[in-house]
Amino acid sequence: MNSIFVTWPNRLGQSAMAVAMLVTVSLEPVEAQNHAPQQIGLSEVLSRALDNNPITEAADQEIQAVEAEALQAGLWDNPTFSAEIEDFGGDREGLGDADTTLSINQTVPLGGDRGRARDAASAWARAARADRDAQRTRLLADTAQTYAAAYAASETLAVRLELLDIANSSAEAIHSRVEAGRASPIERNRANVLVGRATIAANQAASTQSENHSRLAAIWSGSPLHADLVSPLGAFDLADIQNADLNAWLLDNPELLKLRAITRARSQEIRRERAAAVPDLTVGAGVRRFGGTDETAFVATVEVPIPVINRNQGGVAAAASRENAARLDEESTRRVLIAQFASAMGRFERAQSTYAQLNENILPASENALSAAQEAYREGALDVLNFLDIQRSYFDVRVDLISAQSELASAVIELDALAGAPQLNRLVNTNSEEENND
């Protein structure tokens, strides 16, 4: 969507109508705003991301390539046909007096290196699938995080525009009182400050909304959403997060699963290199024609290298070192994930506490304060500027509540992704089932 910025009005009251129109900001193009906006939830957005983001298709192509390599690695060498003509020319006659040998040779892998090579390539195919799953999880998590930020930005913009509308209306009333001589010009200046601060906040909220919605749309194709977003927090089961067990969660972490698959592939490579140390046997069979007598005889050949110098000791050592490195990478990543889990869980607990305090205590208290201030203002016991300050504090609490909700949703998404995104995948599957039923 295009960014919406509110400018300082020449007459403060003239912007009230414009602000009221801005409250309905959405991602819809101008021609679609005549219709009631539809709503789109996190489940549908996640499905769109999986269906339209090229990263998943690229990962599938890589898996197909590695599987084709596994097929190729298990194939024997082709048999070879050889023709040998000797003892012709010189003191002898032409080719008719030459000795001719025709034979077919086949290399037979004695050490099972072809099978080991196929097993190693198949292990790498499983690692490619694990990498695809890890990329899928990252895509789901990034999409959900961007969705949560976009929803919070839209909600914040609506609150800021509502406050700006009230500030402009109140400032217009103060401006009229000053012109009529019933109030001090100082009040007009203070009203201008309130409007200016509300204008800055609205502009910042509009810019943030535009940025986050553009980021969200770019995940699948760059085309905008023609719908309003709904709160992502209700899509998650917070009880599963609160009862999370670190060891159980790490078993399903996609990054660790990928590294474990890589370690297994490295182990298969050691077996492949050891099998390659066993020399291959080449056998051949054919027929020989003796040109001088026009007689024929069968020929059989056997060829095998003598493993005296090259026993593939370097290949085995290199594969073993790479397996050790893979195990160390796995352990290093596991420790990093433990720290990430602790950080994300702490973030979740803090965000949950903040959200509960704001929603259950601070917001109701702020509403009561605003209600009391309204009554005092009507009775003349409170001047308009102090009333506006209390009103602005109420709106600030609402913005804080939106931020706390966004922070809580972000922490939940991070923890879910660490566990392999079971809840995000459930949302995708639920949306797929609903589409099939429709």
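The largest nonpolar core in this predicted model has 45 residues. A nonpolar core here is a set of buried Ala, Val, Leu, Ile, Met, Phe, Trp, Tyr and Cys residues joined through side-chain atoms within 4.5 Å. Buried means under 20% relative accessible area, with a 1.4 Å probe and protein chains only. The residues with the most contacts inside this core are Leu-46, Leu-216, Leu-229, Phe-348, Leu-415 and Leu-424. At least two core residues come from each of helix H2 (42-52), H4, strand S4 (227-229), helix H7 (246-251), helix H9 (313-378), H10 and helix H11 (422-437). Helices (H or I, at least four residues) and strands (E, at least two) are DSSP runs, numbered from the N terminus. Apart from this core lies another, of 33 residues, among them Leu-163, Ala-171, Ala-198 and Leu-388. In soluble globular proteins, nonpolar side chains tend to be buried together.

What does Leu-229 touch, not counting residues up to four places away in sequence? Leu-229 touches Ile-40, Tyr-147, Ala-150, Tyr-151, His-213 and Leu-216. Contact means heavy atoms within 4.5 Å.

A note on the basis of all this. Residues are numbered from 1 along each chain as its sequence is written, and side-chain values use heavy atoms, with hydrogens and water left out. As the model is predicted, local features need pLDDT of at least 70 and side-chain atom pairs count only at pLDDT 80 or more, while totals for chains, interfaces and linings use all residues.

Now the whole protein. There are 11 helices and six strands. Of the 438 residues, 40% count as buried. Among contacts with a separation of 6 or more, 81% are between residues 24 or more positions apart.

On a 1 Å grid over the protein atoms alone, a cavity is a set of points where a 1.4 Å probe fits but cannot get out, and a pocket is an open set with protein on both sides within 12 Å along at least five of seven lines; lining residues have an atom within 4 Å of a point. Grid points are joined across faces, edges and corners, and a volume is the space filled by probe spheres set on the points.

The structure holds two cavities of 30 Å³ or more. The largest cavity has a volume of about 60 Å³, and its lining is Leu-163, Ala-167, Leu-194, Ala-198, Leu-388, Gln-391 and Arg-392. H10 gives the largest share of that lining, three residues. The second largest cavity holds about 40 Å³ of space. H10 gives the most to this lining as well, with four residues.

The second largest pocket has a volume of about 160 Å³. Helix H4 (113-179), helix H5 (185-218) and helix H10 (384-418) each supply at least two residues of its lining. Ala-149, Thr-156, Gln-204 and Ser-406 are among the lining residues.

Is Asp-113 buried or exposed? Asp-113 is buried, because its relative accessible area is 11%. Its side chain makes a polar contact with the side chain of Arg-114 (2.8 Å). A polar contact is a pair of N or O atoms within 3.5 Å; within protein, one must be able to donate a hydrogen and the other to accept it, and residues adjacent in sequence count only if both atoms are side-chain atoms. Leaving aside neighbours within four places in sequence, Asp-113 is in contact with Arg-272, Ala-275, Ala-276 and Asp-280.

Technical notes:
Buried < 20%, exposed > 50% of the residue type's maximum accessible area, 1.4 Å probe, protein only.
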